[in-house]
Amino acid sequence: MTVIYVDNNATTKVAPEVLEAMMPYFSDYYGNPSSMHSFGGNVAGAIKTARENIARLIGANPAEIVFTSCGTESDGTAIRAAIESYPDKRHIVTSRVEHPAIKNLYETLSKKGYRTTFVPVDGEGRLDVDYLYDSLSEDTAIVSLMWGNNETGVIFPIEEISLEVKSRGILFHTDAVQAVGKIPLNISESGVDMLSISGHKFHAPKGIGALYIRKGTKFSPFMIGGHQEDGRRGGTENTAAIIGLGKAAELASENLKTDGYGRVSRLRDKLEHALLAKVPNAMVNGDTTSRLPNTTSIAFEYVEGEAILLMMNEHGICASSGSACTSGSLEPSHVLRAMGVPFTAAHGSIRFSLSRYNTEDEIDAIIETLPPIIERLRELSPFWKQAMGS
Ligand code: PLP
């Protein structure tokens with residue numbers, strides 16, 4: 001059975017060009033980039049190019065990029081650096097719809113005595129910006145807000161908010177794991193002090209990420225060790241993965257320039273419109289006017305999301321009912337709950353996240369396959385029967 005993969009916010013296929021660029025660094029070029037000899041020095045040169053490619057993708061300076069092991073490490077490093085750099089400040093701020101990499105860290109820090117503010121969102125997943133600004137004080141060490149939501153795709157106006165937060169002398173971090181490579185970012189003009197990147201969300205391998213740290217930002221490393229990454233992250237570099245991340249960044253820059261995501265968003269819109277037209281009691285979760293181009297979260301009322309996923313799986317269709325880190329639990333996602341999505345809709349919500357490798361034929365196949373699945377499940381659903389008065 002062929003696989004139709006529309007779960008790209010969970011992870012993406014490694015681009016063939018990325019794999020090709022990485023391979024020699026497992027075999028021929030295995031030198032340590034910190035070595036004095038040129039065998040290692042050549043590897044250091046390739047890492048330099050990768051750093052430049054990442055910097056270009058987000059409008060940063062190469063010296064501001066630190067390689068990490070993943071988005072989660074980048075997020076954790078940023079938050080811990082802020083609270084260590086400002087030990088007298090005991091207040092930290094984020095939103096109610098963050099990925100567990102931030103959400104669970106904030107909850108842990110809250111148990112350790114930090115005062116935490118989780119800023120609410122409205123029914124469309126838009127941030128309550130006034131609530132955010134009202135919460136800030138001299139005691140606030142950091143504000144961390146995601147750029148694009150992994151479940152709904154809703155984009156927060158990070159440039160604007162970061163400038164306001166910065167004008168109050170407070171550090172600003174953004175988890176841009178889902179935004180990098182999908183929408184054009186130029187952080188040089190923003191107030192962003194730190195920004196998290198994860199390779200496997202844009203066709204680099206898993207286990208590689210980066211943290212942008214604006215020049216002049218107070219910082220203390222999470223991984224203390226050797227002098228790698230200018231003393232900002234100890235540990236011998238994951239060379240091949242870094243080369244892969246650099247190549248993925250180069251491809252993403254080209255793709256953004258040539259409107260590659262225009263095609264992806266047209267496919268996403270086709271899927272969304274067709275499913276809404278064919279399936280009664282279906283609606284999109286979140287603000288559709290400011291959204292990642294590859295993502296749609298659709299609620300199919302009165303059916304169980306897990307059952308939809310299992311039946312789609314039988315047809316080779318891979319989607320998701322929440323973030324990869326919360327699926328496996330039958331609780332509706334904290335993101336949809338924060339948006340006030342009714343229980344009956346939250347439970348039947350499916351996230352489709354596309355990539356440049358998806359084809360129109362695949363989208364047509366989902367449009368054909370899914371409506372009868374929903375119909376069959378509703379025939380079995382007592383909630384649906386009750387709602388329809390039958
Ligand atoms: N932040 C967001 C918004 C994500 O979607 C993810 C992964 O799903 C992460 C952070 C964690 O990234 P990683 O899997 O590289 O640790």
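Thr 94 stands opposite Phe 118 in strand E4. That pair belongs to a predicted model, in which local features need pLDDT of at least 70 and side-chain atom pairs count only at pLDDT 80 or more, while totals for chains, interfaces and linings use all residues. Residues are numbered from 1 along each chain as its sequence is written, and side-chain values use heavy atoms, with hydrogens and water left out.

Strand E3 (residues 91-95) and E4 run parallel and are joined by five bridges; two strands pair if DSSP finds at least two bridges between them. Zooming out, there is an open sheet of seven strands with mixed pairing, in the order E2-E8-E7-E6-E5-E3-E4. Its edges are strand E2 (65-68) and strand E4 (115-119), each pairing on one side only. From one strand to the next, the twist averages 20°.

As for the whole chain, its secondary structure comes to 13 helices and 12 strands. Here helices (H or I, at least four residues) and strands (E, at least two) are DSSP runs, numbered from the N terminus. The C-alpha trace spans about 75 × 50 × 35 Å along its principal axes. A compact globule with 390 residues would have a radius of gyration near 21 Å, and the chain's 22 Å agrees with that. This radius is taken over C-alpha atoms, and the globule rule is 2.2 Å times the number of residues to the power 0.38.

Now for the helix pairs. Helix H3 (residues 71-85) packs against helix H4 (residues 100-111) at an angle of about 35°, with the axes 9 Å apart. Axes are lines fitted to C-alpha atoms, for helices over the stretch in contact, and angles run from 0 to 180 degrees between N-to-C directions. In the contact (heavy atoms within 4.5 Å), residues of H3 including Ile 79 and Ile 83 meet residues of H4, among them Leu 105 and Leu 109. The residues of this contact split into seven nonpolar, two polar and two charged.

Helix H9 (residues 305-313) and helix H12 (residues 360-380) pack at about 135°, their axes 10 Å apart. That makes H9 oblique to H12, since angles under 35 degrees count as roughly parallel, over 145 as roughly antiparallel, 65 to 115 as roughly perpendicular and the rest as oblique. On the H9 side, Ala 307, Ile 308, Met 311 and Met 312 meet Leu 370, Ile 373, Ile 374, Arg 376 and Leu 377 in H12. This contact has eight nonpolar residues, no polar ones and one charged; Ala, Val, Leu, Ile, Met, Phe, Trp, Tyr, Cys and Pro count as nonpolar, Asp, Glu, Lys and Arg as charged, and the others, Gly among them, as polar.
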